[in-house]
Amino acid sequence: MVDIPATTAHAPEASANRTLTAISIAHWVSHFHIFVLPMLFPFLKDRLGVSYIDLGFALTTFAVVSGLTQAPIGFLVDRVGARIILILGVMLGGCALVSLGLFLSYPALIICAGLLGLANSVYHPADYAILAAHMDESKMGRAFSIHTFAGFVGGAVAPPMMVALLASIGGQGALIVAGAIGVAIALMLIVVGIPDAGAVRTDNGNGPVAKVSVMTPAIMMLTLFFTLLALSQGGINSFGIVALMEGYGITLSSANVALTSFLAASAVGVLAGGWLADRTKHHSRVAAVCFTVNAAIIGAIAAFSLPAWAIVAAMTIAGFLGGVITPSRDMLVRQAAPPGAAGRAFGIVSTGFNFSGIVSPIMFGWFMDHAMPHWVFGASACFMAATVLLAVVSERKR
């Protein structure tokens, strides 16, 4: 038996743009749903009468389920097709939140978190399989960057949206509306008629043929690459504000400005990185150069007590460069994926994000608990340096 990719002739530009828009909206939903439960923690704590540790267990459940199912979902995408898997994933996430809003309890919260983790594992394998099959080759980097940018926007709008919903219709109503958005987007994907990708058929020739293996050295190296990337930014995203306040003596408002500038610049950098990714074949070099500069910048924040304005400027530059490498990162996976195995490839390498999501809070929280706020940035710089070394090795082997 052999995996043979379904016919994927590139669609006309209008069709390709429609596909990119629909897939990007689905990615928007994925990041939006990630932030729904954390934004409602104060409401859930009071209503359910549980501790923050109990609520944190829900997030751990989300991360573990997503990490364990990401690779299997990638295999499923390549076997039955990305379209149906994506639609079911979006629908599952929406229904999980609606159900929690209707039947609010702590066991329901844990079940909802697990279902959200399963739904989250769908997006990378399915989205990238469809984009890789149906976007114009000359604009692939920009397509990846727009898709990633949409996810960033979903995460950015989640806090104000959930606060507004909580204030207007209450916590349970907010959960139902957040879930209904997912259900509506799933129906939109059906109406738009997004194209399929990744579905395989069997060979009708004489005798079986070995399947193409996706567990190549390149894919395993990229899984490590994704892990280091996530670790290099996870501590800053989660503990950057408290680390700046406790270790550098700057105010809450200044620390918020620094982190907001970092995240906003990352989103802008993603779009710039898409343009760059379409103009180079040396994506490992792009990652190496950007993260060499970033390691120096974040290392300087760790080593010196800089004034607030300098920290804001440094984090803005670091955020932009961190965003620039994202489309090149995705192009590396696409290049490494065997024919007909894009879903599996993106599913496997994306487990690096989940591994980081489990390890990062513990490690960086340990730094803060032991009065080592500078090491939030110091460890991030070390992970960036390790990412550079891995990118250089990857480029030489390629």
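**Note on the predicted model: cysteines, aromatic pairs and helix packing**

1. C112 counts as buried, at 2% relative accessibility. The model under review is predicted, and it holds zero disulfides. C95 is in no disulfide, its nearest cysteine sulfur being that of C112, 11 Å away. Likewise C112 is in no disulfide, and the nearest cysteine sulfur to it belongs to C95. A disulfide would need the two sulfur atoms within 2.5 Å. In contrast to the buried C112, C95 is partly exposed, with a relative accessible area of 34%.

2. The protein averages a pLDDT of 84, and 91% of the residues score at least 70. Among the elements, helix α4 (residues 82-102) has the highest mean pLDDT, 95, whereas strand β1 (residues 4-5) has the lowest, 38. Over residues 1-11 the pLDDT stays under 50, and the model has 29 contacts for this stretch beyond four places in sequence. A further stretch with pLDDT below 50 covers residues 201-210, which has 11 contacts in the model beyond near neighbours in sequence.

3. The aromatic pairs come to a count of seven. In one of them, W28 and F32, the ring centres are 5.1 Å apart and the planes lie at 10°, so the pair is stacked. Planes under 30 degrees apart count as stacked. Both residues belong to helix α1 (residues 13-39) and are four residues apart, about one turn of the helix. F32 is buried, with a relative accessible area of 0%.

4. Y248 and F377 form an aromatic pair of the edge-to-face kind, with 5.8 Å centre to centre and 90° between the planes. Which parts of the sequence does the pair of Y248 and F377 tie together? Y248 lies in helix α7 (residues 217-248) and F377 in helix α13 (residues 374-397), so the pair ties together parts that are 129 residues apart in sequence. Both Y248 and F377 are buried.

5. One aromatic cluster is formed by F364, W366, F367 and W375. W375 is placed in helix α13 and is partly exposed, with a relative accessible area of 43%. Not counting residues up to four places away in sequence, W375 touches F364, F367, S380 and C382. W375 and H33 are 342 residues apart in sequence, and their C-alpha atoms are 30 Å apart in space.

6. A371 is found in the loop between α12 (351-369) and α13. Its phi is near 55°, a positive value in a residue other than glycine. Is A371 buried or exposed? At 63% relative accessibility, A371 counts as exposed.

7. S232 lies in helix α7 and is buried, with a relative accessible area of 0%. A polar atom of its side chain lies 2.6 Å from the backbone oxygen of L229. Leaving aside neighbours within four places in sequence, S232 is in contact with F291, S380, F383 and M384. S380 is also among the residues that W375 touches.

8. Helix α5 (residues 106-134) has 29 residues and reaches 42 Å from its first C-alpha to its last, close to the 42 Å expected at 1.5 Å a residue. Of these 29 residues, 24 are buried, so α5 is largely enclosed by the rest of the structure. At the start of α5, a side-chain oxygen of S105 reaches to within 3.2 Å of the backbone nitrogen of A108.

9. Helix α11 (residues 342-349) is mostly covered, with eight of its eight residues buried. These buried residues are A342, G343, R344, A345, F346, G347, I348 and V349. Which elements do the buried residues of α11 pack against? They pack against α3 (52-80), α5, α7, α10 (308-336) and α12.

Note on methods:
Residues numbered from 1 in each chain as written. Predicted model: local features only at pLDDT ≥ 70, side-chain atom pairs only at ≥ 80, totals over all residues. Heavy atoms only, no water. Phe/Tyr/Trp six-rings, centres within 6.5 Å; stacked < 30°, edge-to-face > 60°. Helix = DSSP H or I, 4+ residues; strand = E, 2+ residues; numbered from the N terminus. Buried < 20%, exposed > 50% of the residue type's maximum accessible area, 1.4 Å probe, protein only. Polar contact = N/O pair within 3.5 Å; in protein donor to acceptor, adjacent residues only side chain to side chain. Contact = heavy atoms within 4.5 Å. Expected span 1.5 Å × (residues − 1). pLDDT = per-residue confidence, 0-100.
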